[in-house]
Amino acid sequence: MIRNIRVITAASFAAMLFLGIGSALIGAAARDIGLTPEQIGFMLAVQNVGFGVAVAATGALSDTHPKARLLLFGSLVLGAAFLAFYAWPGFLLNLLVMAFIGVGTGVYEGVTDALLFDLHTARAGFIININHLFVTLGSATIALYLLFLASQWRMAVIQAGAAVLLLAAFFARVHLPVRPGHQPGLREKLGIVARSRLIAVLFIGTIVAVGGEGTTIGVLTTYLAQTRGLSALHANIGLVIFLLGIAAGRLLIGVLARPHRIRRLLLALFALSSLALTLYFVVDFGPFIWPATLLAGLSVSALLPLILAYAGLAFPHMAGTVMGAVKIAIPVGGILTALLLSALTALASFETALLAMPAGLFLGLLLLAWLSRTQPASAGCVPIPGQQAS
């Protein structure tokens, strides 16, 4: 049996790499598959439903069941779904396969952070930042892979499926005991989640953070080409620079993310990201567009990982349940922000709609500042050990 903490941590990072590949698969391969915009929308919606259900279920289960077994299940589902994706023609059949890709990636999202929280509680902020860095690397990997091998996208997905099944074989040999200590019943956990102002604020913060990061990634090349007049090549370079900013920010801020600093770091990042994205979408930086793009990526980079670390540290005896509840906001944020962007573009203009993202981040700042005034926490971050968060 495998018990080495470093090896298990590396396997968690690998799982999140494949989560990034699965999340970006439709965006990277849709043109080569021949999907229409409506079909892309259905694919993403079904994937988000599978993802959200799996995150909520496995997040709660991870507090009371062996996390390695949950990751084994997620790996088998995701590996099989990758291998089956467009192995046969037919949109409806592959729509079902995409739902299982959402389930598999949702298991990874719901369990890996809770697993790493158990293994590295004292360094949770840093480790969870690195864990989510691998999601970014996975998204970039599939995009770059298909950029050079567009005609062989199916082979790329088969290779990913085979690698995930190897990861399943690894998790089958991992043995980690369930974390000791009193575990509230499911009804009690749901009551705590429903009553907590902290969880409510972090849920909304996750929605706006996903909007600020994920939606910006989705529209960045269009913004640079349509609004700033860059060529398609330079717009794609801008997207790569933005992703590099996210990667660098998660490394840098992860180093600074000690438990007693997380709330203050979140306040600073919400303030910085709302200002940076406002300036980025309003000001024509001309030859300085690349440094501005890098700064925009840096500003939104660590919001989601720090929110998740904060949630786990505030409820250490039910970290999986709480992080799972907060993570439901990830697909919700992606859907709501995309719908809001479309509506504002139709009612006003694309340039006006872009300002919804920094406005949402400013709302996150106000809510977290309000929480800090009404619910002070030990050392500015989490409750004193043994004290229940509310």
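Is F362 buried, partly exposed or exposed? With a relative accessibility of 43%, F362 counts as partly exposed, where buried means under 20% relative accessible area, exposed means over 50% and partly exposed lies in between (1.4 Å probe, protein chains only). The views below come from a predicted model, in which local features need pLDDT of at least 70 and side-chain atom pairs count only at pLDDT 80 or more, whereas totals for chains, interfaces and linings use all residues. Residues are numbered from 1 along each chain as its sequence is written, and side-chain values use heavy atoms, with hydrogens and water left out.

**View A. F362 in helix α16.** F362 belongs to helix α16, helices being DSSP runs of H or I with at least four residues and strands being runs of E with at least two, numbered from the N terminus. In sequence F362 and V208 are 154 residues apart, yet their C-alpha atoms are 8.9 Å apart in space.

**View B. The two domains.** The domain assignment of the protein chain gives domain 1 (5-176) and domain 2 (187-374), with bounds that come from an automatic or database domain assignment. Taken over C-alpha atoms, the centres of domain 1 and domain 2 are separated by 21 Å. Their contact (heavy atoms within 4.5 Å) takes 27 residues from domain 1 and 31 residues from domain 2.

**View C. The nonpolar cores.** A nonpolar core is here a set of buried Ala, Val, Leu, Ile, Met, Phe, Trp, Tyr and Cys residues joined through side-chain atoms within 4.5 Å. The largest such core has 66 residues, and L266, F270, Y280 and L306 are those with the most contacts inside it. Helix α8 (residues 197-227) gives the most to this core, contributing 11 residues, and the core draws at least three residues from each of domain 1 (5-176) and domain 2 (187-374). When neighbours within four places in sequence are left aside, L306 is in contact with N129, I253, A257, I262, L265, L266 and L269. A second, separate core has 47 residues, including A24, L95, I142 and L167.

**View D. The second largest cavity.** A search of the whole structure finds 2 cavities of 30 Å³ or more, a cavity being a set of points, on a 1 Å grid over the protein atoms alone, where a 1.4 Å probe fits but cannot get out, and its lining residues being those with an atom within 4 Å of a point. The second largest cavity has a volume of about 30 Å³, the volume being the space filled by probe spheres set on grid points that are joined across faces, edges and corners. Its lining consists of V201, L202, G205, F270, I307, G364 and L368. The elements that give two or more residues to this lining are α8 and α16 (356-374), and the largest share, 3 residues, comes from α8.

**View E. D113 and its partner K327.** D113 lies in helix α4 (residues 91-119) and counts as buried because its relative accessibility is 0%. The side chain of D113 makes a polar contact with the side chain of K327 at 2.9 Å, a polar contact being a pair of N or O atoms within 3.5 Å; within protein, one atom must be able to donate a hydrogen and the other to accept it, and residues adjacent in sequence count only if both atoms are side-chain atoms. Not counting residues up to four places away in sequence, D113 touches I128, N131, H132, L308, M323 and K327.

**View F. Loops on either side of helix α4.** Y86 is placed in the loop between α3 (67-84) and α4, and its phi is near 55 degrees, a positive value in a residue other than glycine. H120 is found in the loop between α4 and α5 (124-148), and H120 is buried because its relative accessible area is 15%. Leaving out residues up to four places away in sequence, H120 touches I5, T9 and I127.

View G. A54, in helix α2 (residues 37-61), is buried, with a relative accessible area of 6%. Residues up to four places away in sequence aside, A54 touches G59, V103, G106 and V107. A54 and T345 are 291 residues apart in sequence and 32 Å apart in space, C-alpha to C-alpha. A194, in helix α7 (residues 186-195), counts as exposed at 69% relative accessibility. Between A194 and A325 there are 131 residues of sequence separation, and the C-alpha to C-alpha distance is 9.8 Å.

Notes. On a 1 Å grid over the protein atoms alone, a cavity is a set of points where a 1.4 Å probe fits but cannot get out, and a pocket is an open set with protein on both sides within 12 Å along at least five of seven lines; lining residues have an atom within 4 Å of a point.
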